[in-house]
Structure formats: structure tokens, C-alpha cells
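Student: Could you show me how to read salt bridges in a protein model?

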Amino acid sequence: MTPQTAAAAPAPALLEVQNVSHAYPLPRRSLLKAPEALHALRDVSLKVTAGRSLGIVGESGSGKSTLARLIMALERPRQGRILFENRDLLALPAAALRAARRDFQMVFQDPHGSLDPRQPIWRTVAEPLAAIARSSRPQQREAAAQALQSVGLGAAALEQYPHQFSGGQRQRIAIARALITRPKLIVADEPVSALDVSVQAQVLNLMADLQTHHGVTFVFISHDLAVVSHLCGDVAVMQNGRVVEQGRVRQVLSAPAHPYTRTLLAAASL
């Protein structure tokens, strides 16, 4: 008799967002009343498996960028937990959190605004490495050269400055900076929305290549379902601080269950 094959155990989560809520205080309208709050996130739960990138989609004000900051431990949620490799990031001592940041990095929406105009590119790219690891300047410069090469920029870029590059090249530099610590996860917050359509495609292809050849997992935040479908296997749709639908990208695109998802889909150029 052939023994039955045991069911494969589910892959462990690289990142897990557990019942996270967050709010920002609004200006007090009266000394006699408690200040009101803007509820940016309401009981959000998500799971990201290593190797399966997650797209987070929603219009402006839906809570996407707030969620990105919480995942990066740049802010502390009012409720819930952020687990990275089963470690509660906000429960870590400061030194342990700083060391953990090697494994998760961020790419921001505006590449020009996130690059220091006074520093040569190699110093900007090496900044995360310098912040979390003891290394000499020659080591940092060599690591920056390798990171820039991985995003298609040559050694000549090392001594240049941000204003000498196009928008697409600056976003490549921002991605190189995120890659320099060899992270397992990159949170990309609207990384192509400020770029021309043709340049968007180049950056998305680059990110897909990094995913395939370097094993990087992305949390990709966008207002555009078409962009997310290019890179991600899973998607979560956010509206007014809540996740209203989530699942495999193909399933959600072919049979959206929530009216808001259908609205986003109608607006996407798929």
C-alpha cells in the first residue's frame, strides 16, 4: 500500500500585520472637548510569504502610506502588531531593531526628494550600510558600486550627484540604496507614480528582475491595479483604512468581489 503523502505545510510568513489600527490626532476645536482623531487604519491584517510579493492598492487617503511607515517601524500603531520573521518589531530594543533593518528596506515615491543633493551618489547609496554595520569607506564604496551595477548603472555614477540623472535613473539609485544591505523585503511606496509611462515600465521590469534573480520580496504600494499586476502575485485592496478585498492577483482581477475593487479595475489600463 502506498503511504499517503502528507499535506505540505504552509510557508511561514516573512511579514505579518496583525489587527493593526492607527489614528492621528486632529487639532483641538474646543478646550471643553477631547481632540478628534483621523483613523488612518482600522483592524488591518496582512501576510506576506517570502518570494510572493504583495501589492497594496487604493486611492489617496486609503491608508496605504501609513501602513508602509508602520511596516518599516517608523511609527508605532495604536493597536496590533507588525511581525517580521515572527519577531515583533516594535517590541525589539533599539539596537536589535537597527540590526533587523538590514533585512527590510524602503523605496519612496519621489526619488529626487529621497536623495541628498549635497552628497555624491556612492555615499547616498551606502547610507543604510553605514548606519547598521561597521565598515570602512572603501568597503562602503565597493558595496555601492555593486548595488548600482545590479540596477544597470555603471561605476561612473559613483561620484555624480542626483541632479545629473533622469527621474528613472534616480529611482534606480533609490532601489540600489535599498538593495545594499541585501534585504529580504523591500517596501516600495508608489515608486513609479512620478515617472513617465515608458520609464515606469523600465523600473517595473528592473524590480521584477531583482525579484527573480535576487530573491527580493516586495510590498508594492500603488493606486494602480495594472502596475501591481505586473509585479505581484497577491493583492490587498484598501479603502478608508480597511482591507476590503485580498487574494491572488489573477483571482481578484478576473472576479473582483467588492464594488470598490471593481471601480479600481474599471479605471485601470489592463
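Predicted model: local features only at pLDDT ≥ 70, side-chain atom pairs only at ≥ 80, totals over all residues.

Student: What makes a pair count as a salt bridge?

Tutor: You look for a side-chain nitrogen of Lys or Arg within 4 Å of a carboxyl oxygen of Asp or Glu. By that rule, this model has seven salt bridges.

Student: Which residue pairs with Glu85, and how far apart are the closest N and O atoms?

Tutor: Glu85 pairs with Lys184, and their closest N and O atoms are 2.6 Å apart. Glu85 sits in the loop between strands E4 and E5, while Lys184 is in the loop between helix H5 and strand E7, so the bridge ties together parts that are 99 residues apart in sequence.

Student: What about Arg118 and Asp116?

Tutor: Their side chains meet in a salt bridge, with 3.2 Å from N to O. Arg118 is exposed, at 68%, whereas Asp116 is partly exposed, at 24%.

Student: Which residues are linked in a network of salt bridges?

Tutor: Arg52, Asp234 and Arg248 are. Take Arg248 and Asp234: their closest N and O atoms are 2.7 Å apart. Arg248 belongs to strand E10 and Asp234 to strand E9, so this pair ties together parts 14 residues apart in sequence.

Student: And how accessible is Asp234?

Tutor: Asp234 has a relative accessible area of 14%, so with buried meaning under 20%, Asp234 is buried. Arg248, at 45%, is partly exposed.

Technical notes. Residues numbered from 1 in each chain as written. Heavy atoms only, no water. Helix = DSSP H or I, 4+ residues; strand = E, 2+ residues; numbered from the N terminus. Buried < 20%, exposed > 50% of the residue type's maximum accessible area, 1.4 Å probe, protein only.
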